[in-house]
Amino acid sequence: MTEKLVVFDGVEKRFGDFTAVKKMNLEIGSGEFVAIMGPSGCGKTTTLRMLAGLEAPSAGEIRQNGRVMNDVKPHERDTPLVWQSLALFPFLTARENVEFGLKMRGVGAAERKKSALEWLEKLGIGEFADRDISTLSGGQKQRVALARSLVMKPEILLLDEPLSALDAHLVIRMQAVLTQLQRELGITFVYVTHSQSEAFAMADRVVIMSNGEIAQVGKPKDIYRAPANRFVAEFVGRNNILTGTITTLADDAATLSTPQGEFLLDTSATTLRQGEEVSFVISADLVHISLEAPKAENRVQCTLISEEFVGSMVTLFLESSDGHEFKVQMQERELSKFDLRNDAQIWLSWDTNSAHILDQE
Amino acid sequence: MSSNRTQNILLPIYVGLIFAFVFAPIIFSIIFSFNSQRFPTIPLGSFTTEWYVKILNDPDVWEAALNSLIVSVSTAFIATFLGFCTAYSDYRYNFRFKGPYLALILLPPTIPLIIMALAMLAWLSKIGVSGQLWSIVIAHSVLTAPFAMAIIRLRLHQMDPDLESASWNLGGTEWGTMRHVIVPFCKPAIVSALCLTAAVSFDEFAVSWFVSGLNKTLPVLILEIVQGNIDPQVNAIGTFVFLTSMTLVIVAQLFFLSRQTKSSI
């Protein structure tokens, strides 16, 4: 079996006493869009910098196309990076910035210029080719930075929080540009971000990191529906985490007693013990609401605290009688069927098989 | 309100006086260089360019001017190169004793010139290179390199730390990055440092006088003329030296203040 494009094999990175990345094993396939996500300081940027050769692993091996890359100098690699700071050369024009990598590779002036203009055109900023970098807007600079990396025709493109400096509406536009480019070019994207929405919107596979370790790797939907542990569940957000003790065990079901009430769990995939402390997560969009007490297996009565609208989606923030926060996500037109005001008493309910049991640590 | 008014009146006067004391002697020197009278007294005589004609026909002045030119241009390049290297070593690397290293580099301008001059003379004659034109170049480079380093260091601190890595990431070698990223980025500061070190060297008297031997620079020549007698030629030479230095300093300022200058690689 041939190896994947990029392999992290027990990679570790220490800075003095601090271990930024711990024993990482990760494979990235050709043409994949992988997002590495986590809070700041989780080691995601260090991982990316090791892939670009800007940091050397303290232990383990990074292989690209089967070749051990640990000691390969950055300039001998084919891993262009789009920087968080963009790191455009301020003393060059947009076109000269894009040409830079080709110039370093010894490509002739005429050919450089042609390729640079092609890429600027492709990214829709051809008319700004001869402008000074300082005269461009944030979105335009972003595209120059992207063109500067892509003109190298890399096998793999690294992106380090490239959209973090942009306005919200530009972020959405650039996300579309990036996904489309990635599909079209078929090259591997490794995208580091702290933003769940960016990672989930674009990536084929998401790697969630915490304290230098991989907490979970999976398709966005799987991570959202079935977070591996409490850290992932909390980091992903927009879900409800409930913790309690197992009181009764049946064949494929268990009853969990929590401060918010008694709930049923489907135990066909796990084994639980009587009296064990268990947490489960239920996605905010899988929770139903009603004004009358529903005839559901799992229900809890809450007080409405606030509503948050994002486009046609609305998130309700509620509180149970013991002060636990619940979130419910639904279409705005669904919500308009109910006449809700703040402090309204609402019943929440969900299907037992919507609940996902978290690995206990 | 009233204190504000007092301030509005007194402050301009105060600033005006400072400039007057700084520039009046120079301006008078320029005026007297066009004055027909031999002694610098008021009332002035008639307008004349006699003294300028005289210095233009004096081979000693020409030789001193040429010496000054060679010394200041060589000094500028050597000092700026040294200054750039030290500034870059400070920017790029962390090492033990970096504090003392930087302190030592910045030390020369704090040493009294006369001490520096004597020490230079003693040292250069000990190793057998005193009394040459390039003795002055060596001494001036030591004296002015810290200025160059300070200017270039400031510029490097304005640089996005990712810029260098970005160049490596795009296939630039260490030297390629130096040539195509670091130097172009520092160009305004480098030009500024060149002008400033040239100006300081062009003006400098004490060290030049001690180590020059028979190779007189313009400031040394002025002193020799003044020692003999009062000669308005001095004013003419002085005017020339002043204008040269002033031009260099102004050019240095202009480049230093322009943060974003474009250049093509």
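Modeller: In this predicted model, helix H6 (residues 133-157) of chain B packs against helix H8 (residues 174-203) of chain B, with axes that come within 9 Å and cross at roughly 155°. An angle over 145 degrees counts as roughly antiparallel, so H6(B) is roughly antiparallel to H8(B). Their crossing is right-handed.

Look at the residues that meet. From H6(B) come His140(B), Thr144(B), Phe147(B), Ala148(B), Ile151(B), Ile152(B), Leu154(B), Arg155(B) and Leu156(B). From H8(B) come Cys186(B), Pro188(B), Ala189(B), Ile190(B), Ser192(B), Ala193(B), Leu196(B), Thr197(B), Val200(B) and Ser201(B). Sorted by class, the contact of H6(B) with H8(B) holds 13 nonpolar, five polar and one charged residues.

H8(B) also packs against helix H7 (residues 162-169) of chain B. Here the angle is about 140°, and the axes are 10 Å apart. H7(B) and H8(B) are therefore oblique to each other. The crossing of H7(B) and H8(B) is right-handed. On the H7(B) side, the contact is made by Leu163(B), Glu164(B), Ser167(B) and Trp168(B). They meet Thr177(B), His180(B), Val181(B) and Ile182(B) in H8(B). By class, this contact of H7(B) with H8(B) has four nonpolar, three polar and one charged residues.

Now the chain around these helices. Chain B has eleven helices and zero strands. Read from the N terminus, its elements run α-α-α-α-α-α-α-α-α-α-α. Along the principal axes, the C-alpha atoms of chain B fill a box of roughly 70 × 70 × 35 Å.

How far can chain B be trusted? Its mean pLDDT is 88, and 96% of its residues reach 70 or more. One stretch needs care: over residues 260-265 of chain B the pLDDT is below 50. That stretch still has 15 contacts in the model beyond near neighbours in sequence. Where pLDDT is low, predicted coordinates should not be read in detail. For the model, the scores are ipTM 0.83 and pTM 0.81.

Chain B touches chain A. The contact takes 21 residues from chain A and 21 residues from chain B. On the chain A side, the largest share comes from helix H2 (residues 94-104) of chain A, with four residues. The residues on that side divide into 14 nonpolar, four polar and three charged.

Chain A brings strands into the picture. Strands of a sheet pair through backbone hydrogen bonds, either parallel or antiparallel. Start with strand S1 (residues 6-15) of chain A. Seven bridges join S1(A) to strand S2 (residues 18-28) of chain A, and the two run antiparallel. One bridge pairs Lys13(A) with Val21(A) in S2(A). S1(A) and S2(A) form a hairpin with two residues between them. In the turn, Gly16(A) has a positive phi of about 60°. S1(A) is also joined by five bridges to strand S4 (residues 59-64) of chain A, again antiparallel. Val7(A) stands opposite Arg63(A) in S4(A).

Further along chain A, an open sheet of five strands has the order S13-S12-S11-S14-S20, with antiparallel pairing. Strand S13 (261-266) and strand S20 (356-357) of chain A stand at the edges, each with a single partner strand, so one side of each is left without a neighbour in the sheet. Within this sheet, strand S11 (residues 239-249) of chain A pairs with strand S12 (residues 253-258) of chain A in the antiparallel sense over four bridges. Leu249(A) stands opposite Ala254(A) in S12(A).

An open sheet of five strands in chain A also takes the order S15-S19-S16-S17-S18, with antiparallel pairing. Its edge strands are strand S15 (288-290) and strand S18 (325-331) of chain A, and each pairs on one side only. On average, neighbouring strands of this sheet are turned by 45° against each other, direction ignored.

Methods: Residues are numbered from 1 along each chain as its sequence is written. Chains are lettered from A and ligands numbered from 1 in the order in which they are written. This is a predicted model: local features need pLDDT of at least 70, side-chain atom pairs count only at pLDDT 80 or more; totals for chains, interfaces and linings use all residues. pLDDT is the predictor's confidence in each residue, from 0 to 100. Two residues are in contact if their C-beta atoms, placed from the backbone, lie within 7 Å. Two strands pair if DSSP finds at least two bridges between them. Axes are lines fitted to C-alpha atoms, for helices over the stretch in contact, and angles run from 0 to 180 degrees between N-to-C directions. Angles under 35 degrees count as roughly parallel, over 145 as roughly antiparallel, 65 to 115 as roughly perpendicular and the rest as oblique. A crossing is left-handed if the near helix is turned anticlockwise from the far one by less than a right angle, and right-handed if clockwise. Ala, Val, Leu, Ile, Met, Phe, Trp, Tyr, Cys and Pro count as nonpolar, Asp, Glu, Lys and Arg as charged, and the others, Gly among them, as polar.
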